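Thanks for coming. I will go through one model today, starting with the overall layout and then a few local details. Here it is on the screen.

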Amino acid sequence: MKRGGKPKGIAAANKKRKSDAEALAGSPLEQALFDVKRIETAAATFATARPVKHVVLESVCKEDRLKVVFQQALHGLKADLRESDTYKLYQGTELAALDADKAELLHVCKLRNALYSTEMREMVAAVV
């Protein structure tokens with residue numbers, strides 16, 4: 001970034017993000033996900049999981065809102081085919097670079113903001 005210039009890419013996207021309270025407003029995440037008892041149960045499950053530590057979280061998102069996110073992602077995001085001698089894959093748009101002002105990706109941005117919120121990070125840290 002040049003002196004005095006505007007931040008670009010991920011840094012610009014991070015600066016545009018709203019506070020965590022606003023990030024979780026209208027979020028597709030279930031509020032029960034952040035219940036203390038549920039977090040304690042998930043942490044205990046993670047600690048005893050074998051052979052690889054893991055946890056399965058049930059009912060993370062509200063189904064009706066997740067369907068809207070899926071439709072917006074399907075129709076509003078672009079993926080390009082990348083291939084080499086050993087693999088082929090589709091590389092999609094980076095979530096951090098999405099513009100929350102675009103109405104066609106509003107719910108995708110709400111999910112992104114909720115997943116990157118402090119509350120969600122603290123929940124994951126408490127489980128692992």
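A word on the basis: this is a predicted model, where local features need pLDDT of at least 70, side-chain atom pairs count only at pLDDT 80 or more, and totals for chains, interfaces and linings use all residues. Residues are numbered from 1 along each chain as its sequence is written, and side-chain values use heavy atoms, with hydrogens and water left out.

Layout first. The protein chain has six helices and two strands. Those are DSSP runs, numbered from the N terminus, helices being H or I with at least four residues and strands E with at least two. In sequence order the pattern reads α-α-α-α-β-β-α-α.

Of the 128 residues in the protein chain, 23% are buried. Buried here means under 20% relative accessible area, exposed means over 50%, and partly exposed is in between, with a 1.4 Å probe and protein chains only. The protein chain exposes about 9,400 Å², and 56% of that comes from carbon and sulfur atoms. Those areas are from the Shrake-Rupley method with a 1.4 Å probe; for residues, only the protein chains shown count as cover. As for contacts, meaning heavy atoms within 4.5 Å: among those between residues at least 6 apart in sequence, 62% join residues at least 24 apart.

Now the strands. S1, residues 79–83, and S2, residues 88–92, run antiparallel and are joined by five bridges. The criterion for pairing is at least two bridges found by DSSP between the two strands. S1 and S2 make a hairpin, with four residues between them. Asp80 has Gln91 as its bridge partner in S2.

How many salt bridges does the structure hold? There are two, counting a side-chain nitrogen of Lys or Arg within 4 Å of a carboxyl oxygen of Asp or Glu. One joins Lys78 to Asp80, with the closest N and O atoms 3.9 Å apart. Lys78 is exposed at 57% relative accessible area, while Asp80 is partly exposed at 29%.

The other pairs Glu63 with Lys67, the closest N and O atoms being 3.6 Å apart. Why are these two about one helical turn from each other? Because they sit four residues apart in helix H4, which covers residues 63–76. Both Glu63 and Lys67 are exposed.

Next, two serines in loops. Ser27 lies between helix H2 (20–24) and helix H3 (36–48). Is Ser27 buried or exposed? Ser27 counts as buried, at 2% relative accessibility. A polar atom of the Ser27 side chain is 2.9 Å from the backbone nitrogen of Leu29. That is a polar contact: a pair of N or O atoms within 3.5 Å where, within protein, one must be able to donate a hydrogen and the other to accept it, and residues adjacent in sequence count only if both atoms are side-chain atoms. Setting aside neighbours within four places in sequence, Ser27 is in contact with Lys62, Arg65 and Ala114.

Ser117 is in the loop between helix H5 (106–115) and helix H6 (118–127), and is buried, with a relative accessible area of 0%. The Ser117 side chain reaches the backbone oxygen of Ala114 at 2.8 Å.

On the surface, Leu95, Leu115 and Tyr116 form a nonpolar patch with about 240 Å² of accessible area together. Patches take residues with over 30% relative accessible area and no salt bridge; like charges are joined within 9 Å, and nonpolar side chains (Val, Leu, Ile, Met, Phe, Trp, Tyr) within 5 Å. Leu115 belongs to helix H5 and is partly exposed at 38%.

Last, Lys53, in the loop between H3 and H4. Lys53 is partly exposed, with 44% relative accessibility. Not counting residues up to four places away in sequence, Lys53 touches Phe46 and Ala47. A polar atom of the Lys53 side chain lies 3.3 Å from the backbone oxygen of Ala47. Lys53 and Val128 are 75 residues apart along the chain, with their C-alpha atoms separated by 9.0 Å.

That is the tour; questions are welcome.
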